[in-house]
Amino acid sequence: MTHYLEFEKPLAEIEGKAEELRALARNNEEMDVEKEAAALDKKAADLLKDLYKGLTPWRKCQVARHPERPHCKDYIDALFTEYTPLAGDRNFADDHAVMGGLARFNDQPVVVIGQEKGHDTKSRIERNFGMARPEGYRKAIRLMDLADRFGLPVIALVDTPGAYPGKGAEERGQSEAIARSTEKCLNLKVPMISVIIGEGGSGGAVAFASANKLAMLEHSVYSVISPEGCASILWKDAEKMREAAEALRLTAQDLHKLGVIDQIIPEPLGGAQRDREATFAAVGKAIEAMLAPLKKKKPETILKDRRKKFLEIGSKGLAA
């Protein structure tokens, strides 16, 4: 791992020293540093365990935004076969922040949709940092219509700081597009599974997450607004984001208690970015487990159960 978060700086120092010792040994075959390096490795492993034992909501936000965290494209490459991307909303343009198409999951035909943030400067700009414009949501609606017509389950991978707030997006009906995408999710007669793999920000996430089953990775977040945005509105100070993160109840653990999500998918120690393969396997297993019982249900039952699920959200109260 090359990128360390702010609270991981002590860990960076220890792992850096271990790597320096091994680099010296590689340049000098007579040096035997493995014992010292192994001791540093153990110290780093213990520290990593302590750091991630009780992450605060703000630190979970940082982990959810980690630049090396796997994104939508990574999950599609790892979990789906015969992926055939479909482009455009047949109205204005193709939004690269939203990707989706036909694929096979465990050899079953499905429609997969997700927000892609990109992995370097060029791809992040191309993907607009995962912030969809109206045409992105209309592309998702088009794909969900296709799934409904052919009886294909929908799998959505959510990872966005929120819908793009630019002038052009507003002129083209951003709010309407988000509302229609949310409505389409709720009216599907095929099973829909959504997994929040990083950030689930505002209505931009809800438009992909109004599913029969909603799961979150252990260190992902899901909220009506970002902590910085909330702090700017309530305290007129974006630096109050730590307090805002606490108040928003945006962690997977809080949302599971409140009944907003159905399942928490465990991450490797240190976050999904430290062991991508283990994360992909855990997400694939969770999707399979959530999808299996839904495939046996009739379309009317799927629709009725989804409606009931969302009407019951909030019934536990904030004291849950």
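Residues are numbered from 1 along each chain as its sequence is written. In this predicted model local features need pLDDT of at least 70 and side-chain atom pairs count only at pLDDT 80 or more, while totals for chains, interfaces and linings use all residues; side-chain values use heavy atoms, with hydrogens and water left out.

Me: How far apart are the end C-alpha atoms of helix H13?
Reply: Helices (H or I, at least four residues) and strands (E, at least two) are DSSP runs, numbered from the N terminus. The expected span of a helix is 1.5 Å times one less than its number of residues. For the 20 residues of H13, 276-295, this gives 28 Å. The end C-alpha atoms agree with that value, being apart by 28 Å.

Me: Within what arc do the buried residues of H13 fall?
Reply: Buried means under 20% relative accessible area, exposed over 50%, and partly exposed in between (1.4 Å probe, protein chains only). The buried residues of H13 are Thr 279, Phe 280, Val 283, Gly 284, Ala 286, Ile 287, Met 290, Leu 291 and Leu 294. Seen down the axis of H13, using the directions from the axis to the C-beta atoms, they line one face of the helix, so the arc that holds them is 165 degrees.

Me: Which exposed residues does H13 carry on the face turned away from its buried side?
Reply: An α-helix has 3.6 residues a turn, so residues three or four places apart point the same way. On the face of H13 turned away from the buried side, the exposed residues are Glu 277, Lys 285 and Ala 289.

Me: What is the phi of Lys 236?
Reply: Lys 236 is in the loop between H10 and H11. At 71% relative accessibility, Lys 236 counts as exposed. Its phi is positive although the residue is other than glycine, with a value near 55 degrees.

Me: Are the rings of Phe 80 and Phe 105 stacked, edge-to-face or tilted?
Reply: Rings of Phe, Tyr and Trp (its six-membered ring) pair if their centres lie within 6.5 Å, with planes under 30 degrees apart stacked, over 60 edge-to-face and the rest tilted; the count comes to four aromatic pairs. Phe 80 in strand S1 (residues 80-85) and Phe 105 in strand S2 (residues 98-105) are 25 residues apart. Phe 80 is buried at 6%, as is Phe 105 at 4%. With centres 5.6 Å apart and planes at 45 degrees, the pair is tilted.

Me: How many residues apart in sequence are the parts tied together by Asp 94 and Lys 139?
Reply: A salt bridge is a side-chain nitrogen of Lys or Arg within 4 Å of a carboxyl oxygen of Asp or Glu, and the structure holds 24 of them. The side chains of Asp 94 and Lys 139 meet in one at 2.7 Å, N to O. Asp 94, in the loop between S1 and S2, pairs with Lys 139 in helix H6 (residues 134-150), so the separation in sequence is 45 residues.

Me: Is Lys 139 buried or exposed?
Reply: The partner of Lys 139 in the salt bridge is Asp 94, which is partly exposed at 28%. Lys 139 has 3% relative accessibility and counts as buried.

Me: Which residues are linked with Arg 65 in a network of salt bridges?
Reply: Arg 65 and Glu 228 meet in a salt bridge at 2.8 Å, N to O. The pair links distant parts of the chain, with Arg 65 in the loop between helix H3 (57-64) and helix H4 (72-79) and Glu 228 in helix H10, 163 residues apart. Arg 65 is partly exposed at 29%, and Glu 228 is partly exposed at 23%. Linked with Arg 65 in the network are Lys 117, Asp 159, Glu 199 and Glu 228.
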